[in-house]
Amino acid sequence: MIEFVLASHNQHKVEEIREITSDLNINISSLSDLDIHDEIIEDGATLDDNAWIKADYLYKLGYKYIIADDTGLEVDALNGAPGVYSARYAGPAKESEANIIKLLGALSNCDNRNAQFRTALAVYIDSVKHSFEGIIRGTIAKAKIGEGGFGYDPIFIPEGHETSFGVLSSDIKNEISHRGRALQAFKAFLLSNLEK
Ligand code: IMP
């Protein structure tokens, strides 16, 4: 059993990542489990930079098996915004409801609603760094659909589906999502390396 630490305070993320990796022989402790309550300042220029800022923070505390993710919603008509600023799009309070209202406002006269979620995953395995990425394309709804999930989920309709991540089950989200895809790549890597 490998003990990983996950550089996140977001309980939704922690649960998603635990579900997606539940078939691996690993245990994942979150920052709350470790009683680490510091806010890690995510001031990188890219999602990848921010994922590594979070992973490196734990590495400097002495951990050697670490998972960190950073996710952004990239909207085509906004040239990839809010992207790396997705959490603070409507201000430093990082409120999902305010972010959604601002994004719907920015797209109010816009027919091109294409967008993607992108996750950068930064992983330390026995002190060695590995990067993975996952993308899901979709469209931004005209208004919230459902209340499930978290963050921008209620306004993101993934390709191949008629409704938002706010309505789709966590099983479906985890199978097709940005984070699910990045973690599948991580899982494939871990399995092939553990077998050696
Ligand atoms: P971070 O990766 O925790 O920095 O998240 C950046 C922003 O994207 C925050 O506003 C999150 O709520 C949002 N976000 C991250 N992952 C997801 C997701 O899976 N669905 C919807 N919103 C997300």
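Predicted model: local features only at pLDDT ≥ 70, side-chain atom pairs only at ≥ 80, totals over all residues.
**Pocket lining and a helix crossing**

By class, the residues lining the largest pocket split into 12 charged, 12 polar and 10 nonpolar.

As for secondary structure, two or more lining residues come from each of α2, residues 47-60, β3, residues 66-75, α3, residues 96-106, and α5, residues 178-194. Which element gives the most to the lining? That is β3, with four residues.

Now to the helices. Two packed helices are described by the angle between their axes and by the distance between those axes. The pair I want to show is α1, residues 11-20, and α5. Their axes come within 10 Å and cross at roughly 45°. Angles from 65 to 115 degrees would count as roughly perpendicular and those under 35 as roughly parallel, so α1 is oblique to α5. The crossing of α1 past α5 is right-handed.

Which residues make the contact? On the α1 side they are K13, E16, I17 and I20. On the α5 side they are R179, G180, L183, Q184 and K187. Sorted by class, this contact has four charged, three nonpolar and two polar residues.

One residue links the two parts of this talk. Helix α5, for its part, gives two or more residues to the pocket lining.

Definitions and conventions:
Residues numbered from 1 in each chain as written. Heavy atoms only, no water. Nonpolar A, V, L, I, M, F, W, Y, C, P; charged D, E, K, R; others polar. Axes fitted to C-alpha atoms, helices over the stretch in contact; angles between N-to-C directions. Parallel < 35°, antiparallel > 145°, perpendicular 65-115°, else oblique. Left-handed = near helix turned anticlockwise from the far one by under 90°. Contact = heavy atoms within 4.5 Å.
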